[in-house]
Structures are given as C-alpha cells and as structure tokens.
Amino acid sequence: LNITTVPLPNSVTRASLFDLFLAKTEVDGEIDSEVLAQLTEGFSGADIESACREAALKGVREFFTKEANDQVTVRPLNQHDLLQAVDCCRGQLNAQ
C-alpha cells in the first residue's frame, strides 16, 4: 500500500485555483483572487472549490427566496459573496 501525500497549495496556486474555478462563472465587478488566496491559507484545492460553489449558490438562493422577485436571472457573483463563503468554509474546517 503506497500513500501519497499532496501538500496544500501555496498562495500563488490558491489564486490560480480561484481563477480556474470561477472562469465560467458570471461575476459582477473584479474578483481579487490574490486577496482570496491570502485569506485561504490552509485550504486545499477542494476547500477552495467548495467556497466558490457556496458563493455561487448564494445568488441562486436569493433568487428563489425573494418575495417580490423582479429578477429575471440569478445575479452575478461578487467579491463579497466569495469572502462570505471563505469565512463559512473556514468555520467548517475549524470545526473538524
């Protein structure tokens, strides 16, 4: 039985992972992947993917929960959504 250990990504790699996971996502404004990378020290690639997914789902949840929904489509993702998702994922990591 061989066990391969994969190190956690460094800051540059984490920024690239955010760019990769958000490449096909509609965004509102500029997403600062370098700031996100600094805030995700200790995150794995899967953790970063989870944070991106959580941020994207925030707009979907808002779309389906608004009482007077005048939106025709789900709003684009923004930096604030990602910051909240990173905080949420960090909390889940710390709980483990």
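**Helical fold, nonpolar core and an aromatic pair**

In this predicted model, F64 is exposed, with a relative accessible area of 64%, whereas F63 counts as buried, because its relative accessibility of 16% falls under the 20% limit. A search of the whole structure finds 1 aromatic pair. The rings of F63 and F64 have their centres 5.0 Å apart and their planes at 85°, an angle over 60 degrees, so the pair is classed as edge-to-face.

Among contacts between residues at least 6 apart in sequence, 69% join residues that are at least 24 apart.

Buried residues account for 28% of the 96 residues in the protein chain. In soluble globular proteins, nonpolar side chains tend to be buried together. Here the largest nonpolar core comprises 15 residues, of which F18, L22, L36, I48, C52, L82 and V86 touch the most other members; helix 1 (11-21), helix 3 (45-65) and helix 4 (79-95) each supply at least two residues of this core. When neighbours within four places in sequence are left aside, F18 is in contact with S33, L36, A37, T40, I48, C52 and V86.

Conventions: Residues are numbered from 1 along each chain as its sequence is written. This is a predicted model: local features need pLDDT of at least 70, side-chain atom pairs count only at pLDDT 80 or more; totals for chains, interfaces and linings use all residues. Side-chain values use heavy atoms; hydrogens and water are left out. Rings of Phe, Tyr and Trp (its six-membered ring) pair if their centres lie within 6.5 Å; planes under 30 degrees apart count as stacked, over 60 as edge-to-face and the rest as tilted. Buried means under 20% relative accessible area, exposed over 50%, partly exposed in between (1.4 Å probe, protein chains only). A nonpolar core is a set of buried Ala, Val, Leu, Ile, Met, Phe, Trp, Tyr and Cys residues joined through side-chain atoms within 4.5 Å. Helices (H or I, at least four residues) and strands (E, at least two) are DSSP runs, numbered from the N terminus. Contact means heavy atoms within 4.5 Å.
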